[in-house]
Amino acid sequence: MGALVAVEGLDGAGKRTLTDAVVSALRARGLRVATLAFPRYGRSVHADLAAESLRGGHGDVAASVHAMALLFALDRADARDELSKLLVDNDIVLLDRYVASNVAYSAARREQDSRGEIARWIEDLEFGRFELPVPDLQVLLSVPTEVAEERARKRGEADTARALDAYEKDGGLQRRTAKVYSELAETQWRGPWWVHRSGDDPATLAARLAEIVAG
């Protein structure tokens, strides 16, 4: 059974870039590595409904924190069998976002901390009722909020398919989300967390992950 590692961070933090670099380094070491990104846009009806809602579709769905959190959770629930197979077939499965993302953004929207009602509800829903596997490690990609915002803005300008959604446009939400993420990492929510900063070498992270597999 492979190790499940979730990479977390703000929109525009550079999660995909980090994941790609780590995957290359791990495969160079001869490890079997798979990746999966959430939300699974274009593959999951729940993810697509969430994306459409954040861009003004489906009435007042986006106004409901619980409704949006449920759509993202259902996307992961539908991927449970796929995720289980990836864990059987690989040494490491790297996720671009996982349950902590739902907790961080939802708590920030409700202006709650990482121990608030919405955080507990999501934890019970995804790990309890939906029986999603708990990650062996969660990595917080920590970058200044203004840097992440600028990257997300430029990405949206360069690719109309990735235009900013309601969450990405809300600078206050991004700052509150960063705070909740920091709390999750500090309290080691649902297992160990590592903090990877934007100037850190991805090869170092890959080496540490390889040690987990070896152990």
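This is a predicted model: local features need pLDDT of at least 70, side-chain atom pairs count only at pLDDT 80 or more; totals for chains, interfaces and linings use all residues.
View 1. With a relative accessible area of 13%, Glu 183 is buried (buried is under 20% relative accessible area, exposed is over 50%, and partly exposed is in between, using a 1.4 Å probe and protein chains only). Not counting residues up to four places away in sequence, Glu 183 touches Asp 113 and Ser 114, a contact being heavy atoms within 4.5 Å.

View 2. Helix α4 covers residues 80-89, and its Leu 83, Leu 86 and Leu 87 are buried. Looking down the axis of α4, the buried residues fall within an arc of 100°, so they line one face of the helix; the arc is taken from the directions from the helix axis to the C-beta atoms. An α-helix has 3.6 residues a turn, so residues three or four places apart point the same way. What do the buried residues of α4 pack against? They pack against β1 (3-8), β2 (33-37) and β3 (92-96). Asp 81, Lys 85 and Val 88 are exposed, on the face of α4 turned away from its buried side.

**View 3. Helix α1 packed on helix α10.** Helix α1 (residues 15-28) and helix α10 (residues 202-214) pack at an angle of about 55°, with their axes 9 Å apart. Axes are lines fitted to C-alpha atoms, for helices over the stretch in contact, and angles run from 0 to 180 degrees between N-to-C directions. That angle is why α1 and α10 are oblique to each other (under 35 degrees counts as roughly parallel, over 145 as roughly antiparallel, 65 to 115 as roughly perpendicular, and the rest as oblique). From α1 come Leu 18, Ala 21, Val 22, Ala 25 and Leu 26, and they meet Pro 202, Leu 205, Ala 206, Leu 209 and Ala 210 of α10. By type, the residues of the contact of α1 with α10 divide into 10 nonpolar, no polar and no charged. Ala, Val, Leu, Ile, Met, Phe, Trp, Tyr, Cys and Pro count as nonpolar, Asp, Glu, Lys and Arg as charged, and the others, Gly among them, as polar.

**View 4. Helix α5 and its partner α3.** Helix α5 (residues 99-109) is mostly covered, with 10 of its 11 residues buried. Among them are Val 99, Asn 102, Tyr 105 and Ser 106. The axes of α3 and α5 come within 10 Å and cross at roughly 175°, so the two helices are roughly antiparallel to each other. On the α3 side, Val 65, Met 68, Ala 69, Phe 72, Ala 73 and Arg 76 meet Val 99, Asn 102, Ser 106 and Arg 109 of α5. The residues of this contact divide into six nonpolar, two polar and two charged. Just after α5, Glu 111 takes a positive phi of about 55°.

View 5. Met 68 belongs to helix α3 (residues 65-78) and is buried, at a relative accessible area of 0%. Met 68 and Leu 49 are 19 residues apart in sequence and 9.1 Å apart in space, C-alpha to C-alpha. His 46, in helix α2, is buried too, with a relative accessible area of 17%. Leaving aside neighbours within four places in sequence, His 46 is in contact with Leu 71, Leu 74, Asp 75 and Asp 78.

View 6. In the loop between β2 and α2 (45-54) you'll find Pro 39, joined to Phe 38 by a cis peptide bond with omega of about -5°. Glu 131 lies in the loop between α6 (117-129) and β4 (137-142). Its phi is near 55°, again positive in a residue other than glycine, and at 56% relative accessibility Glu 131 counts as exposed.

Conventions
Residues are numbered from 1 along each chain as its sequence is written. Side-chain values use heavy atoms; hydrogens and water are left out. Helices (H or I, at least four residues) and strands (E, at least two) are DSSP runs, numbered from the N terminus.
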